[in-house]
Amino acid sequence: MALLTPPHSPSHYALKSTTRAYVSTARLNLQHYLWKDQTGYLLHPDIPLSNTALKIADVGTGTGIWLIDLAKTLHPTTQLDGFDIDIADCPPKEWLPPNVQMHELDIFGGIPQHLVGVYDVIQLRLFQVVVRDNDPVPLLKNVLKMLKPGGYLQWAEYDMTTTKTILADPALSASDLDALPAFTQKLKQQDARFGKQDWIPTLPTTFAQAGMIDVTTSRHAPTTSSLPYQLDVFLLTYEELSYKTLDGMADEQGAKLRKLIEKASDEARQGVAWAMERVIFVGRKAEATVENRGVGKVVNSKVINGRVINGRVMNDTDSVAVRASMTSSRRSKRERLLRVWKRLSLGGGVSGRQNSFSRDTHEG
């Protein structure tokens, strides 16, 4: 995915040096295959894929590798659309599968009307250093606009709060490697993305507050054998950051970070790495929302006016209609019971009375 600094334009990438674009694309593609290897899937098994007319979007598509890989597993009539503010790293359209298209889109800007409510499934992956002010809500709101009612959102991130330093030998040192996060943290006054980012573990709550339902969290710990490859990805990320973002800062911050990366790489070759969980959140957009059904409240299998209303929005008109329906139902039941009482009061055999009661109480 493309990582941006405001005002969100191709010239404001936080990563991907324009003179070393091949390094960035190689990193993104390696990262993709590591994610697939370590999680075992491209789309979470909870997301139904049997519909051959599905429309799936990858927001922050980067090189487009996720969509291209996914296309191999789905029916060729599935529509697969990639979105990024810059799609220069994607293959030429002539080389893409017939059902895959790439589009330029600033996901933090307004969503064009032709994209509203279009997609059955949307994927977000690795937006950690894109989200600003520790607040994913603006991004989530725009993505939900693109999703159909009942559609699924898959959001995948590293949970950095689970990070551990792993040593192949207890005698090894990881001082330089562990200095990398501290180095970037001290730059948070110049760039807010380098500050605390603790919104990821609370995404399920954020999903629920946005009205999403059926929210699940899946955590995937890395295998030990994958740690060196994953660390290479992280070191490449820091290097790209040094060239593209830190070189523009005072005191030669970019050069200082690159020297630290070299030392960390030496430690890594001895058997030092980071391990953290990959976490995948899945949620479904409610079938109806306050936005498209008027004033009211979202309910999911909750009791309203004594009745259980499953997974829809109840507004004032709905409440009146439910009450009217309940009143009509009670009136009809009283009338049926009155007819039965009249028949019983006129006399007749026990068998006849039972048959009459059975017939009347099962009408309507």
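Two strands are said to pair if DSSP finds at least two bridges between them. The exercises below apply this to a predicted model.

**Exercise 1.** Find how many bridges join E6 to strand E7, and name the bridge partner of Thr216 in E7.

*Solution.* Begin with strand E7, which covers residues 272–284 and is joined to E6 by 6 bridges, the two strands running antiparallel. Then look along these strands for Thr216, whose bridge partner in E7 is Val282.

**Exercise 2.** Work out the order of the strands in the open sheet, and decide which strands form its edges.

*Solution.* The sheet has 7 strands with mixed pairing, and their order reads E3-E2-E1-E4-E5-E7-E6. Strand E3 (100–104) and strand E6 (213–220) are the edge strands, since each of them pairs on one side only. From one strand to the next, the twist averages 20 degrees.

**Exercise 3.** Decide how H6 and H7 are oriented to each other, and describe their contact.

*Solution.* The axes of helix H6 (residues 227–244) and helix H7 (residues 253–271) come within 9 Å and cross at roughly 170 degrees. Angles over 145 degrees count as roughly antiparallel, and H6 and H7 are therefore roughly antiparallel to each other. Their crossing is left-handed. Residues of H6 including Leu231, Leu235 and Tyr238 meet residues of H7, among them Leu257, Ile261 and Ala264. By class, this contact of H6 with H7 has 8 nonpolar, 3 polar and 4 charged residues.

Definitions and conventions:
Residues numbered from 1 in each chain as written. Predicted model: local features only at pLDDT ≥ 70, side-chain atom pairs only at ≥ 80, totals over all residues. Heavy atoms only, no water. Axes fitted to C-alpha atoms, helices over the stretch in contact; angles between N-to-C directions. Helix = DSSP H or I, 4+ residues; strand = E, 2+ residues; numbered from the N terminus. Parallel < 35°, antiparallel > 145°, perpendicular 65-115°, else oblique. Left-handed = near helix turned anticlockwise from the far one by under 90°. Contact = heavy atoms within 4.5 Å. Nonpolar A, V, L, I, M, F, W, Y, C, P; charged D, E, K, R; others polar.
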